[in-house]
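Student: I have a model open and would like to go through it before I use it. Can we start from the top?

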Amino acid sequence: MISAHLPALQVVLPLLGAVVCAFLKRGSWAWLVALAVSLVLPAIALGLLYQTYEGGTISYALGGWRPPFGIEYRVDIFNAFVLVLVSVIGAVIMPYAKRSVEHEIPEDKQAWFYAIYLLCLCGLLGIAITGDAFNAFVFMEISSLATYALIAMGRDRRALLAAYQYLIMGTIGATFYVIGVGLLYSMTGTLNLADMANRLAGIEDSRAVLAALAFLTVGISLKLALFPLHVWLPNAYAYAPSMATVFLSATATKVAVYLLLRYFFSVFGVSVIYADLPVSWIFLVLSIAAMFGASLVAVFQANIKRMLAYSSVAQIGYITLGIAIANKTGLAGGIVHLFNHAIMKAALFMALGSIFFRIGSVRIEDLAGIAKRMPVTAGVFVVGGLGLIGVPGTAGFISKWYLGLGAIENGWWWLLMLIVLSSAIAVLYVGRVVEVMWFREPSPVAKKAEEPPLSMLLPTLLLTFATIYFGFDTFLTAHMADLAAQLLLTGGR
Amino acid sequence: MKLDVVFRIAAKIFIPFMLVFALYVQFHGELGPGGGFQAGVVAAAMVVFYAIIFGLESAQKIVPPRVVELMVPAGVGIFAGVGVVSLLLGENYLNYSPFGGDSQHGQEYGIILVEIGVLVTVTGTLVAIFYSFVGRGRE
């Protein structure tokens, strides 16, 4: 009986958890609640993935109202994959959260922090699971508002400004999204995505539908930080609390990418997006600009958290490159990079959070020689960095391999060259930090550093091993991404 | 303002009617215009009105900040909890049909319960925002 209600529970559990956390005054109790919720969610998501893998698409009528009239939660292999990604990351980082949050958030705000965190998780899972355009907007607002609050809780005073900047940009994005949905609603009379896709047949080239597509693309691209709409991201990631940065970098932009793919492939369909419109070329140019521009900026950052944030913009470029390549292999490469980048970036930000926990700084001059005192954490940074570069044997290689194959299938040899070239820039910004960490004389603060507590170290190591593991065993990543890409390209849903 | 008799008497006359109006809007939500959000705004306006006339301290004696802070999650809890009851009764999340004798009454009761949750959260949130703006720089 309970397996039939998994789609609802996936979203309701974090919502209930957030309520309980808000009632509790003590940060450690709120953490326990958040931990319990975070550990159940991956089980639900894996259950859903299993159900869709075995039995195909699941449809859940919220409130008992038959779709397309009521809100439908619709799970196919692609969003089950995204749900697994978000909830697994949520579960792995929760043990890590306790010490980091105790260190960075004032005691009286810790319970609120977990409440807001769970709301953010609820919103992201909701976007991924819902099959209703407006419901997705509501969840987008839930997760975005929670994100602004999470970022503003950073200790640095600039966190407030970063949160405000993101608030403005994020609100513009959400407004564009809802304008797009409104236009589609006026043309089709439905908010259910699957129903919308059917009713769009025949009116794809009307002005209103094209305007809707433009609004949706720009709105969601703001959320996923597609170059040049990424300007909110570096400051937001740099000044948010470590825990919030880890979570957001691994999940928030990924869910936005999911939503964009959902609209492109399941609602508008391949023929509209690629045959009639130059979407492929727009994304190609912007992705390449992100891969090179953001990577180059990353090389010159003194604040390493900010450097990783710019690297995120570049890596999102690889994900959207999958949309531009538009054949099954390339798209699978983009989707698998969703997953791989999430685990690599989470591991890197966790290592950085551990360093901040010990020395209270993430500036490059303070990191000098820290490997002598924190060899494991510095080692995590090396492995994660190799993943970002895409060295064989790491998860990052798998993504770039698929992207490269996709480019060759299209006959775009020059794109393969560009992927390799941009990876070379990643060598620069990763290598620069690794060199400072391992081969310099320890800075005054680094001399006093030591490894973080096990509760922080073990989750970090787990994600680091995952970075290597998914470089060899690709059943859960590449195989699932392959199925998802197949589903999208055949207009699934 | 505290010394102004006209304001104080007028406020004392108005406030009970504001409360009744809030409840009127609340319980007509499932049939006509109105509902938890609008009622919550009217109820919060009542607290704001009282605070303007009689001062923040006396308003906070009647509606303490601690209670306001609990009202915000409490309403969400009511909303989410109603859905969980549907699940426990063997229906889909937020399906109100099993709440009453027949599904029509069930839906009606369900809407009323959820709207109460909305009322609690909206009132709490608006009063909390008002308190934090007015209380700024006082401590």
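Student: Fine. What is the mean pLDDT of chain A?

Tutor: This is a predicted model, and the mean pLDDT of chain A is 90. In chain A, 99% of the residues reach 70 or more.

Student: And where in chain A is confidence lowest, and where highest?

Tutor: The lowest is helix 11 of chain A, residues 270-276, with a mean of 78. The highest is helix 5 of chain A, residues 133-152, at 94.

Student: Switching to chain B. How many helices and strands?

Tutor: Chain B has 5 helices and 0 strands, so the order from the N terminus reads α-α-α-α-α. Its C-alpha atoms fill a box of roughly 60 × 30 × 20 Å along the principal axes.

Student: How much of chain B is buried?

Tutor: Of the 139 residues in chain B, 35% are buried. As for contacts in chain B between residues at least 6 apart in sequence, 65% of them join residues at least 24 apart.

Student: Take helix 1 of chain B. What span should it have, and what are its end C-alpha atoms apart?

Tutor: Helix 1 of chain B covers residues 5-27, which is 23 residues, and at 1.5 Å a residue it should span 33 Å. The end C-alpha atoms are 34 Å apart, which agrees.

Student: Where does helix 1 of chain B bend?

Tutor: At Phe14(B), by about 25°. A proline, Pro16(B), follows within four residues.

Student: Which residues of that helix are buried?

Tutor: In helix 1 of chain B they are Ala22(B), Val25(B) and Gln26(B). An α-helix has 3.6 residues a turn, so residues three or four places apart point the same way. The buried residues of helix 1 of chain B pack against helix 2 (36-54) and helix 5 (103-134) of chain B.

Student: What does the contact with chain A take from each side?

Tutor: It takes 15 residues from chain B and 13 residues from chain A. The chain B side divides into 9 nonpolar, 5 polar and 1 charged.

Student: Back to chain A then. How is it divided into domains?

Tutor: Domain 1 of chain A is 1-165 + 227-258, and domain 2 is 278-487. Their C-alpha centres lie 22 Å apart. In the contact between them, 30 residues of domain 1 of chain A meet 36 residues of domain 2 of chain A.

Student: Which helices supply the domain 1 side?

Tutor: Helix 3 (77-104), helix 9 (232-239) and helix 10 (242-268) of chain A each supply at least two residues of the side of domain 1 that touches domain 2. The largest share, 13 residues, comes from helix 3 of chain A. By class, that side of domain 1 of chain A has 18 nonpolar, 8 polar and 4 charged residues.

Student: On to the backbone. What joins Pro67(A) and Pro68(A)?

Tutor: A cis peptide bond, with omega about 10°. Pro68(A) lies in the loop between strand 1 (58-61) and strand 2 (72-75) of chain A. The peptide bond from Phe227(A) to Pro228(A) is also cis, with omega near 0°. Pro228(A) is in the loop between helix 8 (207-224) and helix 9 of chain A.

Student: What is phi of Ala225(A)?

Tutor: Near 65°, a positive value in a residue other than glycine. Ala225(A) is in the loop between helix 8 and helix 9 of chain A.

Student: Why does Ala225(A) count as buried?

Tutor: Because Ala225(A) has 29 C-beta neighbours inside 10 Å, and the cut-off for buried is 20 or more.

Student: And what about phi of Ala326(A)?

Tutor: Phi of Ala326(A) is near 65°, again positive in a residue other than glycine. Ala326(A) sits in the loop between helix 13 (304-325) and helix 14 (328-359) of chain A. With 21 C-beta neighbours inside 10 Å, Ala326(A) counts as buried.

Student: Last one, Gly396(A). Buried or exposed?

Tutor: Gly396(A) is buried, with 29 other C-beta atoms within 10 Å. It lies in helix 16 of chain A, residues 395-409.

Student: What does Gly396(A) touch?

Tutor: Leaving out residues up to four places away in sequence, Gly396(A) touches Asn340(A), Met344(A), Gly387(A), Leu388(A), Ile389(A) and Gly390(A).

Notes: Residues numbered from 1 in each chain as written. Chains lettered and ligands numbered in written order. Predicted model: local features only at pLDDT ≥ 70, side-chain atom pairs only at ≥ 80, totals over all residues. Contact = placed C-beta atoms within 7 Å. Nonpolar A, V, L, I, M, F, W, Y, C, P; charged D, E, K, R; others polar. pLDDT = per-residue confidence, 0-100. Buried ≥ 20, exposed ≤ 12 C-beta atoms within 10 Å, placed from the backbone. Expected span 1.5 Å × (residues − 1). Bend = angle between axes of the 7 residues up to and from the residue. Domains from an automatic or database assignment.
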